[in-house]
Amino acid sequence: MYISELAIKPKYFEFDMMGIIYHAHYLGWFEAGRTKLIEDLGLNYIHMEQAGYISPVQEMKVEYRKGIRYGDEVLLRTWIKENGGVKTVYSYEVLNGQGELCVLGTSVHYVVRREDFKPVQFKKIFPDWYARFAEASE
């Protein structure tokens, strides 16, 4: 299984009044992790869009275990949990500078036609992507 890693330096505006990362910012971090994972696999999401397809989020789950505080180093780990012919599930871990697990997450995505949001078979429309995802998820 391939795990993509992304170092993140949290910005001051991402913190809430309690001095921890505001919960919604993790969703943006997860997107950055997915993008890096796709690029690490030699792919580029813009090519999917140029072909007339997009891969929207269908479901997002986030489990908060420990707050990230201002000045903490952050490591985001992203991998493909499930690579179906239609659905892809990504998993995420956010660790602080001490290597402590702070946040767990998953997101579920389907490939759809941009014009009408009709789901398509990822495996058929993008066989190269599917094959790389299959290799990376083993």
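Two strands count as paired here if DSSP finds at least two bridges between them. Helices (H or I, at least four residues) and strands (E, at least two) are DSSP runs, numbered from the N terminus.

## Ground rules

What you have above is a predicted model, so to speak: local features need pLDDT of at least 70, side-chain atom pairs count only at pLDDT 80 or more, and totals for chains, interfaces and linings use all residues. Residues are numbered from 1 along each chain as its sequence is written, and side-chain values use heavy atoms, with hydrogens and water left out.

## The sheet

Let's start with the strands. Five of them make an open, antiparallel sheet, in the order β1-β4-β5-β6-β3. At the edges sit β1 (4-8) and β3 (57-64), each pairing on one side only. On average, neighbouring strands in this sheet are turned by 20 degrees against each other, direction ignored. Angles like this run from 0 to 180 degrees between N-to-C directions, and the axes are lines fitted to C-alpha atoms, for helices over the stretch in contact.

Now look at β5 (residues 87-96), which pairs antiparallel with β6 (residues 101-110) over nine bridges. Nine bridges also join β5 to β4, again antiparallel. Tyr90 of β5 stands opposite Ile80 and also opposite Ser107 in β6. Val89, for its part, faces Val108 in β6. The β4-β5 hairpin has three residues between its strands; the β5-β6 hairpin has four, and Gly99 there takes a positive phi near 80 degrees.

How much of β5 is buried? Nine of its ten residues are, so the strand is largely enclosed by the rest of the structure. Buried means under 20% relative accessible area, exposed over 50%, and partly exposed in between (1.4 Å probe, protein chains only).

Helix α1 (residues 25-40) touches β1, β3, β4 (74-83), β5 and β6, and its direction makes about 65 degrees with that of β4. Helix α4 (residues 127-137) touches β4 and β5, at about 115 degrees to the direction of β4.

## Asn83

Asn83 belongs to strand β4 and is buried, with a relative accessible area of 13%. Beyond its neighbours within four places in sequence, Asn83 is in contact with Thr88, Phe122, Tyr130, Phe133, Ala134 and Ser137. A polar atom of the Asn83 side chain lies 3.2 Å from the backbone oxygen of Tyr130.

## The largest pocket

At least two lining residues come from each of α1, α2 (45-50), β5, β6 and α4. Helix α1 gives the most, with four.

Phe117 sits in the loop between β7 (112-113) and α3 (122-125). Its phi is near 60 degrees, a positive value in a residue other than glycine.

Terms used. Contact = heavy atoms within 4.5 Å. Polar contact = N/O pair within 3.5 Å; in protein donor to acceptor, adjacent residues only side chain to side chain.
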